[in-house]
Amino acid sequence: MRAILKDKIISICDKKIEAKGLNVGLSFYAFFENKNTDPELLMEAAEWWIMTHKLNHFEKATKIKKLVIGE
C-alpha cells in the first residue's frame with residue numbers, strides 16, 4: 001500500500017474515532033469523496049480491504065488503523 005493511502009486511512013480513522021468514539025465503523029469508501037477522482041487509489045484500497053484482508057463492508061475504525069499501521 002502506498003504511503004499516501006496509508007496516511008489518508010490513518011487520518012480518516014483518527015477523525016472518525018475522535019468524532020464518534022472507539023466503536024465507529026466505516027467502509028473503504030470513507031477514504032474517498034463521492035467522486036471518482038483517483039480510480040487507481042480507490043482500487044488499491046478496495047483490493048486491500050476485500051481481497052487481502054477479506055474484511056466486511058463495515059469494520060471498526062480502530063481495527064482498520066491497526067491493520068494499516070502494522071503493514
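**View 1. G70 in helix 3 of the predicted model.** G70 lies in helix 3, where helices (H or I, at least four residues) and strands (E, at least two) are DSSP runs numbered from the N terminus. G70 is exposed, with a relative accessible area of 65%; here buried means under 20% relative accessible area, exposed over 50%, and partly exposed in between (1.4 Å probe, protein chains only). The C-alpha atoms of G70 and G21, which are 49 residues apart along the chain, are separated by 22 Å. The model is predicted, and local features need pLDDT of at least 70, side-chain atom pairs count only at pLDDT 80 or more, and totals for chains, interfaces and linings use all residues. Residues are numbered from 1 along each chain as its sequence is written, and side-chain values use heavy atoms, with hydrogens and water left out.

**View 2. The largest nonpolar core and W49.** This core, a set of buried Ala, Val, Leu, Ile, Met, Phe, Trp, Tyr and Cys residues joined through side-chain atoms within 4.5 Å, has 19 residues, and those with the most contacts inside it are I9, C13, L26, F31, W49 and I64. Two or more residues are given to this core by each of helix 1 (3-20), helix 2 (39-52) and helix 3 (61-70). Leaving aside neighbours within four places in sequence, W49 is in contact (heavy atoms within 4.5 Å) with residues including L26, F31, L55, H57 and I64.

**View 3. Helix 2 and what covers it.** Helix 2 has 14 residues and reaches 18 Å from its first C-alpha to its last, close to the 20 Å expected at 1.5 Å a residue, the expected span being 1.5 Å times one less than the number of residues. Its buried residues are L41, A45, A46, W48 and W49, and what covers them includes helix 1, strand 1 (25-26), strand 2 (59-60) and helix 3. Helix 2 is followed by K54, whose phi is positive, near 50 degrees.

**View 4. Salt bridges.** With a salt bridge taken as a side-chain nitrogen of Lys or Arg within 4 Å of a carboxyl oxygen of Asp or Glu, the count comes to three. In one of them R2 pairs with E44, the closest N and O atoms being 2.7 Å apart; R2 lies in the segment before helix 1 and E44 in helix 2, so the pair ties together parts that are 42 residues apart in sequence. D14 forms a salt bridge with K65, with the closest N and O atoms 2.5 Å apart, and this pair links D14 in helix 1 to K65 in helix 3, 51 residues apart. The side chains of E59 and K63 also meet in a salt bridge (3.2 Å, N to O); E59 counts as buried at 11% relative accessibility, whereas K63 is partly exposed at 38%.
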